[in-house]
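Subject: Structure handover

Hi,

Here is the structure I promised to pass on. Please open it alongside this note.

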Amino acid sequence: MGADAEEEPTPLGTQGVTHVVRVGTTVRRPVRPFTATVQVYLAHLHAHGFRSAPRPLGYDEQGREVLSFVEGDVPTEPLPDDATGDRVLADLAVLVRRLHDASAGFVPPPDAVWGTLPGEPPRGVVPLFEEPELVSHQDYCPGNVVFVGGRPTALIDFDLARPTTRVADLVNALHWWVPLLHPLDRAPSLVEADVAERVRLFADAYDMPPGMRAQVVPLAVQRARNSTVTMRAAAVADPVFRRWWEAGVKDRLPRAEQWLLAEADRITEQLMTSPHRPS
Ligand SMILES: Nc1ncnc2c1ncn2[C@@H]1O[C@H](COP(=O)(O)OP(=O)(O)O)[C@@H](O)[C@H]1O
Ligand SMILES: [Mg+2]
């Protein structure tokens with residue numbers, strides 16, 4: 001194909017971490033140490049029925065990673081009102097459940113490399129699990145979810161995909177989408193949201209068994225603690241993270257942890273009393 005108008009590169013995500021451009025029906029991303037591993041993982045997902053992710057298309061003549069462009073709308077923070085409804089949350093839970101089920105049989109290559117946030121691996125991070133169960137996305141921020149017709153239909157940006165557990169991965173999605181944030185830090189339409197009810201709704205849509213439900217709040221608290229430490233280290237190492245940190249992350253994460261601790265019993269009670277419908 002020649003360099004016609006459709007082939008002109010369009011910058012995407014100019015506010016983010018990664019220099020991503022769209023070229024026609026594809027996106028091009030810089031190759032990082034984990035890129036080959038992510039391509040293998042995405043290929044596994046597509047081969048196992050999960051097509052709600054970019055298709056890995058190898059590398060271009062400039063040595064960049066090539067992925068399919070996923071058509072749709074990607075929200076930015078604060079979440080717009082139409083991305084905060086209960087149906088969106090339930091759809092997202094089902095999307096992540098499908099991702100988990102497709103990921104379950106994935107055996108990472110022996111030379112797998114996983115992405116991390118910038119900075120030295122900080123001290124004080126307490127792992128959320130002993131043994132990983134599967135590889136999953138681990139970064140469900142609004143900018144990584146594609147909507148079509150007002151509903152979340154695909155996940156993009158697998159840069160932080162890595163071995164994890166189902167519930168450790170889910171507390172990331174809950175953080176962003178319930179959200180597990182102090183009311184001061186939420187999108188306008190979620191300031192008065194019934195968080196316990198929304199966590200339960202997500203758990204029901206995911207079809208979360210009782211053993212996982214019991215872990216949600218303790219892991220979410222530990223995740224908030226870990227995030228404060230890792231984001232502080234990333235802010236020291238990288239100017240984009242420094243901007244986010246100074247713009248409010250440094251207050252938002254400790255506030256989320258304190259607020260979660262205060263709400264912990266109420267959320268867990270709601271989760272555990274919910275009827276679990278085996279599928
Ligand atoms: N495969 C894709 N399909 C559609 N849009 C994409 C794709 N990859 C990236 N984008 C767009 O570019 C933005 C930034 O890309 P992303 O991979 O999330 O990078 P970052 O690491 O900066 O978060 C996304 O929020 C989305 O709007
Ligand atoms: Mg992203």
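My notes follow, site by site.

This is a predicted model: local features need pLDDT of at least 70, side-chain atom pairs count only at pLDDT 80 or more, and totals for chains, interfaces and linings use all residues. Residues are numbered from 1 along each chain as its sequence is written, chains are lettered from A and ligands numbered from 1 in the order in which they are written, and side-chain values use heavy atoms, with hydrogens and water left out.

Ligand 1

The shell around ligand 1 holds 17 residues. A residue is near a molecule if one of its heavy atoms lies within 4 Å of it. The closest are Val17, Thr18, Arg29, Val70 and Gly143. By type, the shell has 9 nonpolar, 6 polar and 2 charged residues. Here Ala, Val, Leu, Ile, Met, Phe, Trp, Tyr, Cys and Pro count as nonpolar, Asp, Glu, Lys and Arg as charged, and the others, Gly among them, as polar.

Where does ligand 1 lie relative to domain 1 (5-68) and domain 2 (81-273)? Both domains give residues to the shell, so ligand 1 lies between them. The domain bounds come from an automatic or database domain assignment.

The side chain of threonine 18 has an N or O atom 2.5 Å from an oxygen atom of ligand 1. A backbone N or O atom of serine 68 is 3.0 Å from a nitrogen atom of the ligand. For valine 70, a backbone N or O atom is 2.8 Å from a nitrogen atom of ligand 1. On its own, ligand 1 has 540 Å² of accessible area, and the protein covers 88% of that. Accessible areas come from the Shrake-Rupley method with a 1.4 Å probe; for residues, only the protein chains shown count as cover.

Magnesium ion

Ligand 2 is a magnesium ion, and its protein donors are Asn144 (OD1) and Asp157 (OD), 2.1 Å from it. The pair links distant parts of the chain, 13 residues apart. Asparagine 144 sits in the loop between strand 6 (134-136) and strand 7 (145-148). Aspartate 157 is in the loop between strand 8 (151-155) and strand 9 (162-164). Helices (H or I, at least four residues) and strands (E, at least two) are DSSP runs, numbered from the N terminus. Donors are N, O and S atoms within 2.8 Å of the metal (3.2 Å for Na, K and Ca); water is not among the atoms, so sites may look incomplete.

Asparagine 144 is buried, at 5% relative accessible area. Buried means under 20%, exposed over 50%, partly exposed in between (1.4 Å probe, protein chains only).

Backbone

Aspartate 157 has a positive phi of about 60° and is not a glycine. Aspartate 207, also not a glycine, has a positive phi of about 70°. Aspartate 207 is in the loop between helix 4 and helix 5 (210-237). Its relative accessible area is 12%, which makes aspartate 207 buried.

Which peptide bonds are cis? One joins glutamate 77 and proline 78, with omega about -10°. Another runs from valine 178 to proline 179, with omega near -10°. Proline 78 is in the loop between strand 5 (65-68) and helix 2 (86-103). Proline 179 is in the loop between helix 3 (166-177) and helix 4.

Helix residues

Phenylalanine 202 lies in helix 4 (residues 195-206). Phenylalanine 202 is buried, at 0%.

Note on methods: Polar contact = N/O pair within 3.5 Å; in protein donor to acceptor, adjacent residues only side chain to side chain.
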